[in-house]
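Then we can walk through it together, one piece at a time.

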Amino acid sequence: MGLEKEFISLLNQHQRIVNKVCNLYMDRHADREDLFQEIILQAWKAFPSFRGDAKFSTWLYRVALNTAITFFRKEKRKPAVFITETFPEMPAENEDSLEEKVKAMYGAISMLSKIDKALVMLYLEDYSYNEIGEMMGITANNVAVKMNRIRLKLKETTAQQLAIND
Amino acid sequence: MELDELKSQLKEKLATDHTGRSDADIAFLLRAKTNSVIGKLKKSLRKEIFLGVLVLLPLGYIGIASEYRSLRIYFSVTAVLCAAFLGLLIYLIKRINRLSVDILPVSRNLTEIVRIIEEFIRRYFQFTMALVPVCLIFAFFLGYHEPKHIDGLDHFVQLQLDARWKLWLVVIYLIGFTVLVYYFTKWYLRKLYGNYLAELKECMKELTIE
């Protein structure tokens, strides 16, 4: 029971991580809920092996990304082009334009492959290329190459989307 | 528009749109059922082990206690094959358990899952195909050489058919049954895990290409 309490308390402090991964990988609310549940279950099963030599957040990222990447939906759905749900408040200056850009970029990210999404997620969380490489099981050099390619892809897709909107 | 320019806004966007869960909600989720393919594979392995043990007991009993020599040999061989398959299923369950406890890097995790599923598919197929000669050729051979009379078998032997026709009937039956089992097993396994394996391999390929 002590272990369960400890796990729940740690997870409650870090549940934003799980939510971020679910938001990134699933576009439908019901799918997000399923993935959320699956990540929690996988984390709980693996929790006894968490020894605290890594940060809980890093460990939880690993569990969440492994689960999201190997999570399989039988029925294929079209990738979300743009997610138009609740949006956070943006700075007042050029509010519309910035919001549009963020929306376009977010849409472009949602069209990436599962692996590229994981790389972007860890990059946004300010992990170094070495740390990302360690989590993904590839070299830091490979991460750098992939990130450059992803940046270009995102730039192109975002520009196309913004051009269509204008 | 660069990714880095929008980093903080994107982080903020990703963190929104979620329901905050209470401790009780999370505690409830810990008792929920898994939806992952590997979780379902584990569940199906458990069921197969249970059914395997259930089948193994009568097979072993007949293999020892039957009055017919052919049935004793037939059921003993089938029981040995079943026991070997059960051993493999237990080994696969252990590998899945280890996988859910060790949090591996993404690429190793993908490799492990692919290996487990491929091993399951390969062995399942081998086991099914190994049962074909045991069920058919071996059974015919043993039945033919059975010193005692077996009613059903004797009925077939005594059918008023030409010996050549009887042979053709047996050969067509053997080939038809083997082909059916071969394609059905392949189709069934591909239907269960084919798409998932293809998706995982695609992720693995993407990770390894620089």
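Predicted model: local features only at pLDDT ≥ 70, side-chain atom pairs only at ≥ 80, totals over all residues.

Start with chain A as a whole. It has seven helices and zero strands, so if you read from the N terminus on, the order of elements is simply α-α-α-α-α-α-α. Chain A has 166 residues, and 40% of them count as buried. Now take the contacts in chain A between residues at least 6 apart in sequence: 65% of these join residues at least 24 apart.

Let's zoom in on the start of the chain. Helix H1 of chain A covers residues 2-25, and helix H2 of chain A covers residues 29-46. Their axes come within 10 Å and cross at roughly 140 degrees. How do H1(A) and H2(A) lie to each other? An angle over 145 degrees would count as roughly antiparallel, and theirs falls in the range that counts as oblique, so H1(A) and H2(A) are oblique to each other. The crossing itself is right-handed. On the H1(A) side, the residues making the contact include Phe7(A), Leu11(A), Val18(A) and Val21(A). On the H2(A) side, they include Leu35(A), Phe36(A), Ile40(A), Ala43(A) and Trp44(A). Sorted by class, this contact has twelve nonpolar, one polar and one charged residues.

Now move along to the loop between H5 and H6 of chain A, where you'll find Asp126(A). Most residues other than glycine have a negative phi. Asp126(A), though, has a positive phi, near 65 degrees. Asp126(A) is exposed, because it has 9 other C-beta atoms within 10 Å, and 12 or fewer is the cut-off for that.

Next comes helix H6 of chain A, residues 129-136. Which residues of H6(A) are buried? They are Tyr129(A), Ile132(A), Gly133(A), Met135(A) and Met136(A). These residues cover an arc of only 165 degrees around the axis, which means that they are on the same side of H6(A). Here's the general idea behind that: an α-helix has 3.6 residues a turn, so residues three or four places apart point the same way. What covers the buried residues of H6(A) includes H3, H5 and H7 of chain A, together with H5 and H7 of chain B. Just after H6(A), Gly137(A) takes a positive phi of about 80 degrees.

Finally, step back and see how the two chains meet. Here 44 residues of chain B are in contact with 55 residues of chain A. On the chain B side, the elements that give two or more residues are H1, H2, H4, H5 and H7 of chain B. H1(B) gives the most, with eight residues. The residues on this side of chain B divide into 22 nonpolar, nine polar and 13 charged.

Conventions
Residues numbered from 1 in each chain as written. Chains lettered and ligands numbered in written order. Helix = DSSP H or I, 4+ residues; strand = E, 2+ residues; numbered from the N terminus. Buried ≥ 20, exposed ≤ 12 C-beta atoms within 10 Å, placed from the backbone. Contact = placed C-beta atoms within 7 Å. Arc of directions from axis to C-beta. Nonpolar A, V, L, I, M, F, W, Y, C, P; charged D, E, K, R; others polar. Axes fitted to C-alpha atoms, helices over the stretch in contact; angles between N-to-C directions. Parallel < 35°, antiparallel > 145°, perpendicular 65-115°, else oblique. Left-handed = near helix turned anticlockwise from the far one by under 90°.
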